[in-house]
Amino acid sequence: MSAGLAALLDDVAALARMAAASVDDVATGASQASLKAAGVIVDDTAVTPRYVEGFRPERELPVIRRIAVGSLRNKLLFILPAALALSELLPWLLTPLLMVGGAYLCYEGAEKVWEAVGPHHNRPEAPAGAEGPEREDELVAGAIRTDFILSAEIMVISLDEVTDEPLLSRALILVVVAIAITAVVYGAVALIVKMDDVGVRIARTGNGGAASLGRGLVRAMPVVMSVLSTVGIAAMLWVGGHILLVGLDDLGVSAPYDAVHHLEEDVHDVLGAMGGVGAWLTNTAASAALGLLVGAVAVAALHWREAKRRH
């Protein structure tokens with residue numbers, strides 16, 4: 001009897017050690033995958049605040065919460081099952097689908113550029129919060145659509161980092177990545193958009209240096225939001241163009257990628273100690289240029305079709 005109990009306890013201990021090792025593997029895999037996708041995470045954080053511009057302060061956090069819930073739903077209910085299924089059954093289809101998403105990001109970014117410089121760029125826009133719940137729903141839906149592409153990029157990059165893991169481990173790692181990244185991105189976005197309110201409170205309740213800091217935050221936040229809006233548009237073009245550049249290379253059309261890669265190497269050699277930064281900026285600029293070109297073609301085609309339909 002005691003021998004049987006001892007054997008059972010040994011089995012339980014072995015299972016506990018296996019479970020602990022699995023948890024460690026999941027944590028390590030999630031950490032590595034998240035680091036690999038860090039560039040897209042930054043882009044996601046930069047893109048989102050522009051969707052909250054113009055809302056009344058009391059609606060900012062609820063809108064961010066709605067977008068965050070939509071983002072998590074995108075990752076867990078749609079992207080994760082699809083990515084795992086495709087990686088098992090049709091791995092060759094991941095790249096073309098990701099490129100379709102990249103082209104959509106290019107279109108979104110180019111459309112925003114056109115709105116800024118086109119014939120209607122001086123037309124005043126009513127604050128989003130003043131246009132009623134329908135306008136809010138429209139902006140939230142647009143944010144969630146854009147997030148879908150960025151989330152897909154994050155999840156596919158993360159999946160690529162853990163392809164050697166068993167299916168269950170891959171799934172658990174991607175769940176951890178999805179929850180952690182959503183919390184980080186939208187927590188940062190909430191902090192950014194509410195920083196002016198924090199500044200107002202500090203200015204009202206603080207004294208001396210604290211009050212000055214609060215007033216400085218209030219004055220700085222419109223500039224920060226404007227910069228983030230511009231960075232967000234540039235990020236859509238950069239990420240979309242980079243997806244297309246890498247996707248073309250994966251599909252065997254290597255000339256554009258090779259040209260950019262050789263240009264990176266030349267810049268790296270010329271700049272010496274700053275070569276790494278210069279090479280990254282070169283790749284970013286080339287990706288953004290490709291994104292703007294593809295997006296401009298898409299915008300022109302859609303505007304032409306709309307004008308033709310009206311006539």
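Is Trp-238 buried or exposed?

1. Trp-238 counts as buried, with a relative accessibility of 18%; buried means under 20% relative accessible area, exposed over 50%, and partly exposed in between (1.4 Å probe, protein chains only).

2. This is a predicted model, in which local features need pLDDT of at least 70 and side-chain atom pairs count only at pLDDT 80 or more, while totals for chains, interfaces and linings use all residues. Residues are numbered from 1 along each chain as its sequence is written, and side-chain values use heavy atoms, with hydrogens and water left out.

3. The whole structure contains 2 aromatic pairs (rings of Phe, Tyr and Trp, the last by its six-membered ring, with centres within 6.5 Å; planes under 30 degrees apart are stacked, over 60 edge-to-face, the rest tilted). Tyr-104 and Tyr-107 form a tilted pair, 6.3 Å centre to centre with 40° between the planes. These two tyrosines are 3 residues apart in helix H4 (residues 94-117), and therefore about one helical turn separates them. Helices are DSSP runs (H or I) of at least four residues, numbered from the N terminus. Tyr-104 is partly exposed at 25% relative accessibility.

4. Trp-238 and Trp-280 form an edge-to-face pair, because their ring centres are 5.6 Å apart and their planes stand at 80°. Trp-238 belongs to helix H7 and Trp-280 to helix H9 (residues 275-310), so the pair ties together parts 42 residues apart in sequence. Trp-280 is partly exposed, at 48% relative accessibility.

5. Helix H7 (residues 209-250) also meets helix H8 (residues 255-271): Leu-245, Val-246, Leu-248 and Asp-249 in H7 contact Pro-256, Tyr-257 and Val-260 in H8 (heavy atoms within 4.5 Å).

Conventions
Axes fitted to C-alpha atoms, helices over the stretch in contact; angles between N-to-C directions.
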